[in-house]
Amino acid sequence: MIKMNIVEILKRNGKSKYWLCQQMNITSRNLNRIIRGETSSISFKYIEALCNYLNCTPNELLSIVPDKNSTSNNE
């Protein structure tokens with residue numbers, strides 16, 4: 001599962017979700033859906049904007065978290 005590290009980066013930068021919504025011109029509902037992983041895709045346009053406003057790289061923005069339902073063995 002892909003995890004967005006937006007909240008952690010906002011805290012590190014001393015910024016709020018409200019600030020980010022204003023900068024990116026998106027609703028807080030849509031930002032929260034991205035943060036909670038409730039979206040099935042995100043465009044490169046938004047990844048680039050997030051990185052620019054959060055002053056981070058895509059590698060810092062995204063993490064891979066093992067899915068609780070998946071197995072680590074390739075059987």
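Q: Where does the charged end of K15 sit?
A: A charge counts as sitting over a ring if NZ of Lys or CZ of Arg is within 6 Å of the ring centre and within 35 degrees of the ring normal. Here the charged end of K15 is placed over the ring of W19, 4.7 Å from its centre. K45 likewise lies over the face of Y46, at 5.4 Å from the ring centre.

Q: On what basis are such values given?
A: The model is predicted, so local features need pLDDT of at least 70 and side-chain atom pairs count only at pLDDT 80 or more, while totals for chains, interfaces and linings use all residues. Residues are numbered from 1 along each chain as its sequence is written, and side-chain values use heavy atoms, with hydrogens and water left out.

Q: How many aromatic pairs does a search of the whole structure find?
A: Rings of Phe, Tyr and Trp (its six-membered ring) pair if their centres lie within 6.5 Å; planes under 30 degrees apart are stacked, over 60 edge-to-face, and the rest tilted. The search finds 1 aromatic pair. W19 and Y53 form this edge-to-face pair, at 6.4 Å centre to centre and with 90° between the planes.

Q: Which parts of the chain does the pair link?
A: Helices (H or I, at least four residues) and strands (E, at least two) are DSSP runs, numbered from the N terminus. The pair joins distant parts of the chain, with W19 in helix α2 (residues 17-24) and Y53 in helix α4 (residues 44-54), 34 residues apart.

Q: At what angle do α2 and α4 pack?
A: Axes are lines fitted to C-alpha atoms, for helices over the stretch in contact, and angles run from 0 to 180 degrees between N-to-C directions. The angle between α2 and α4 is about 125°, and their axes are 11 Å apart. Contact (heavy atoms within 4.5 Å) is made by W19, L20, Q23 and M24 of α2 and Y46, A49, L50, Y53 and L54 of α4.

Q: What is the phi of N25?
A: Most residues other than glycine have a negative phi. N25, which is not glycine, has a positive phi near 55°, and N25 lies in the loop between α2 and α3 (28-35). N55 also has a positive phi, of about 55°, without being a glycine; N55 is in the loop between α4 and α5 (58-61).

Q: Is N25 buried or exposed?
A: Buried means under 20% relative accessible area, exposed over 50%, and partly exposed in between (1.4 Å probe, protein chains only). N25 counts as exposed because its relative accessibility is 71%. N55 is exposed at 63%, whereas W19 is partly exposed at 21%.
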